[in-house]
Amino acid sequence: MKITKRISYILIAFVMVLTLMGPWGFDIRSRANQTGTITGDYLRLREAPDGAEMKDGSGSTIYLRAGTKCTILDTSNSTWYKITVTYNGQSYTGYSASQYISIDGAGGTTSNPSSDADFETKLANEGFPESYKVMLRNLHAKYPNWVFKAVHTGLDWSQVVAGEINTSSSKKNLVQGTSSLPRYSWRSTTVGYDYRKDVWTPFDGSTWYAASDQIISYYLDPRTYLYENYIFVFESLSYVDGMQTEAGVEAILSGTFMSNTVPTGESLTYAKLILEAGRNSGVSPYHIASRIKQEMGASGNVCAFGNSSSYPGIYNFYNIGAYDGNDAATKGLAWAATSGSYGRPWNTPYKSILGGAQFLGTSYINVGQDTLYTQKFNVTNSNCLFSHQYMTNVQAPASEALTVYNAYSRNNLLNTSLVFEIPVYKNIPETAVSKPADSGNPNNWLASLSVDGYALTPAFDINMTTDYTLNVSDSISSINVTASTVNRNARVSGVGTLSLAQGTNTFNIVVTAQNGNTRNYKLTVNRGAATSGSTSIGTSMADLNGDSVINYKDIVKLQRVIMGLEPSSEQALKIGDINKDGVINYKDIVKVQRHIMGLEQIQ
């Protein structure tokens with residue numbers, strides 16, 4: 001007995017040692033099966049800690065965006081968490097760096113008030129919704145010098161969404177789709193889309209399409225940006241002496257044609273010209289630099305180099321006046337070449353940089369649109385709500401915000417007293433809008449639907465009709481249904497050889513789009529209810545409609561076969577070739593007429 005007890009004590013002690021040691025999978029400190037939020041952007045999912053990058057079903061690297069929810073399976077490795085996420089509609093399990101994952105309820109997206117009573121008082125006084133506070137507390141914990149101001153727009157959330165979604169007459173928000181990243185699920189299927197041909201109409205160049213209501217709502221929701229690398233969409237864009245530096249501007253311009261470069265005809269670098277333009281216009285040089293980078297890209301174009309054949313020596317770094325449509329750049333240069341406001345014509349790089357900054361200050365920043373967010377989504381300039389918006393790229397504010405964040409980070413400015421002006425809407429949903437998955441083409445329409453030997457009612461067409469009927473004779477025990485899809489990546493189920501019971505048969509034909517959306521078509525087949533409009537064929541000579549009676553209905557069937565309106569099948573030829581000359585023609589109709597009149601009998 002004593003020996004048994006000793007063994008038990010030893011085993012218990014051994015288990016306790018294992019529990020405190022790692023990595024054994026017994027770490028009681030490990031937080032398993034909790035929810036979390038990705039706080040880093042474009043975070044890679046890996047097959048093992050610091051292992052190979054995971055790929056999705058198409059073989060592309062999985063990049064997780066900030067704000068993505070995940071299930072945390074194991075935190076025993078403090079550097080790499082094992083997580084499960086949903087990516088483009090599919091579930092994946094792998095490892096990601098723990099520093100970019102916030103555990104809900106553990107200093108992450110907890111809804112509990114912070115220990116900073118003054119900050120809690122400020123949140124309450126500002127009138128932020130509870131769903132904002134959860135995320136602002138996380139930011140405050142890391143950057144206590146940041147100031148968050150609520151901008152009470154007085155607008156209802158539904159009003160904001162309605163004011164920004166695209167219509168046939170107003171395309172306010174576009175999304176880019178290329179051959180490598182088509183973004184089909186982010187494009188609108190109600191504006192600029194022909195579902196019959198699966199073709200989208202571009203509204204700027206050849207790759208910019210009307211954005212879907214869902215992706216617009218996502219980028220409209222202020223909570224989309226309440227992460228440290230995106231909150232700069234709400235930063236005040238005014239110039240602050242000593243805050244924005246030449247080094248910070250260079251950090252933004254890094255990797256572009258403007259980096260540490262002197263433009264043609266000037267004596268100062270782009271960074272110095274931008275800093276000077278900021279001082280003279282009252283606009284943040286970081287905003288000027290990020291806006292030019294957003295418009296010109298890394299390589300620039302004729303608007304940046306003054307080498308347009310139509311407007312040589314003219315510059316327009318901001319694409320002001322370059323309205324959506326064909327040859328937008330030339331339209332912008334035409335505007336920049338005209339004498340007028342903002343120091344035009346812009347016939348030197350600096351005149352364009354300064355004039356564009358003055359345009360931003362006068363037209364946007366000084367009339368209430370003083371953040372990247374409100375320049376894209378005008379919810380503050382009451383004279384022209386939902387219009388007077390600088391850009392149509394729905395993702396532009398997020399892209400520019402990330403550029404500014406990186407500049408602050410590289411120059412150790414993140415811990416300074418930055419002010420963020422965050423819009424608040426009435427009746428906004430308690431849960432933030434989720435980003436729609438970029439999961440493939442949404443087209444789930446049939447291009448064709450047919451039943452061998454029969455005609456559908458109504459005749460099939462690519463339209464909103466999804467219910468079709470068919471009458472067949474009692475002798476028909478099965479039919480063969482074929483269908484094809486408008487989009488080649490969609491799938492069809494419920495077709496092929498289908499068995500028929502007596503009476504009414506209902507079949508569901510389901511089209512599944514590449515992105516998983518489904519559309520149901522219903523085929524109702526009435527067995528034993530053949531009509532003259534049916535393409536069913538009988539079995540007795542001249543009884544073409546299968547109703548066991550030779551009458552005028554069979555003449556109609558013969559006429560339809562002769563005219564090619566119904567298939568001339570082997571069975572039709574067998575019972576319709578009444579005079580047995582090898583063809584169905586008017587002579588056979590005469591035979592049926594004589595039979596009906598009693599002048600002769602069909603055998």
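Author: Let us begin with the contacts of the chain as a whole, keeping in mind that this is a predicted model. Of the contacts in the chain with a separation of 6 or more, 63% are between residues 24 or more positions apart. The chain has 603 residues, of which 47% count as buried, and its secondary structure comes to 16 helices and 20 strands.

Reader: Which residues of helix 4 are buried, and how should I read their arrangement?

Author: The general idea is that an α-helix has 3.6 residues a turn, so residues three or four places apart point the same way. In helix 4, which runs over residues 157-164, the buried residues are Trp 157, Val 160, Val 161, Gly 163 and Glu 164. Seen down the axis of helix 4, these buried residues fall within an arc of 165 degrees, so they line one face of the helix. They pack against strand 8, helix 5 (213-220) and strand 13.

Reader: What covers the buried residues of helix 3?

Author: The cover includes helix 2 (117-126), strand 8 (147-156) and strand 13 (419-426). Helix 3 itself, residues 130-142, has 13 residues and reaches 19 Å from its first C-alpha to its last, close to the 18 Å expected at 1.5 Å a residue. Among the buried residues of helix 3 are Tyr 132, Val 134, Met 135 and Leu 136, and also Lys 133, Arg 137 and His 140.

Reader: Is Lys 376 buried or exposed?

Author: Lys 376, which is found in helix 12 (residues 372-376), counts as buried because its relative accessible area is 0%, where the cut-off for buried is under 20%. Leaving aside residues up to four places away in sequence, Lys 376 touches Lys 172, Asn 173, Gln 389, Met 391, Thr 392, Asn 393, Val 394 and Pro 397. Lys 376 and Leu 220 are 156 residues apart in sequence, yet their C-alpha atoms are 9.4 Å apart in space.

Reader: How many cavities of 30 Å³ or more does a search of the whole structure find?

Author: Rolling a probe the size of a water molecule over the atoms shows where empty space is left. Here the search finds 2 cavities of 30 Å³ or more, and about 40 Å³ of space lies in the second largest cavity.

Reader: Which residues line the second largest cavity?

Author: Its lining is made up of Phe 232, Glu 235, Leu 237, Ser 284, Tyr 286, His 287, Ser 290, Leu 372 and Val 404. These divide into 5 nonpolar, 3 polar and 1 charged, and the largest share of the lining, 3 residues, comes from helix 8 (residues 285-296).

Methods. Residues numbered from 1 in each chain as written. Predicted model: local features only at pLDDT ≥ 70, side-chain atom pairs only at ≥ 80, totals over all residues. Heavy atoms only, no water. Helix = DSSP H or I, 4+ residues; strand = E, 2+ residues; numbered from the N terminus. Expected span 1.5 Å × (residues − 1). Buried < 20%, exposed > 50% of the residue type's maximum accessible area, 1.4 Å probe, protein only. Contact = heavy atoms within 4.5 Å. 1 Å grid on protein atoms, 1.4 Å probe; cavity = no way out; pocket = protein on both sides within 12 Å on 5 of 7 lines; lining within 4 Å. Points joined across faces, edges and corners; volume = space filled by probe spheres on them. Nonpolar A, V, L, I, M, F, W, Y, C, P; charged D, E, K, R; others polar. Arc of directions from axis to C-beta.
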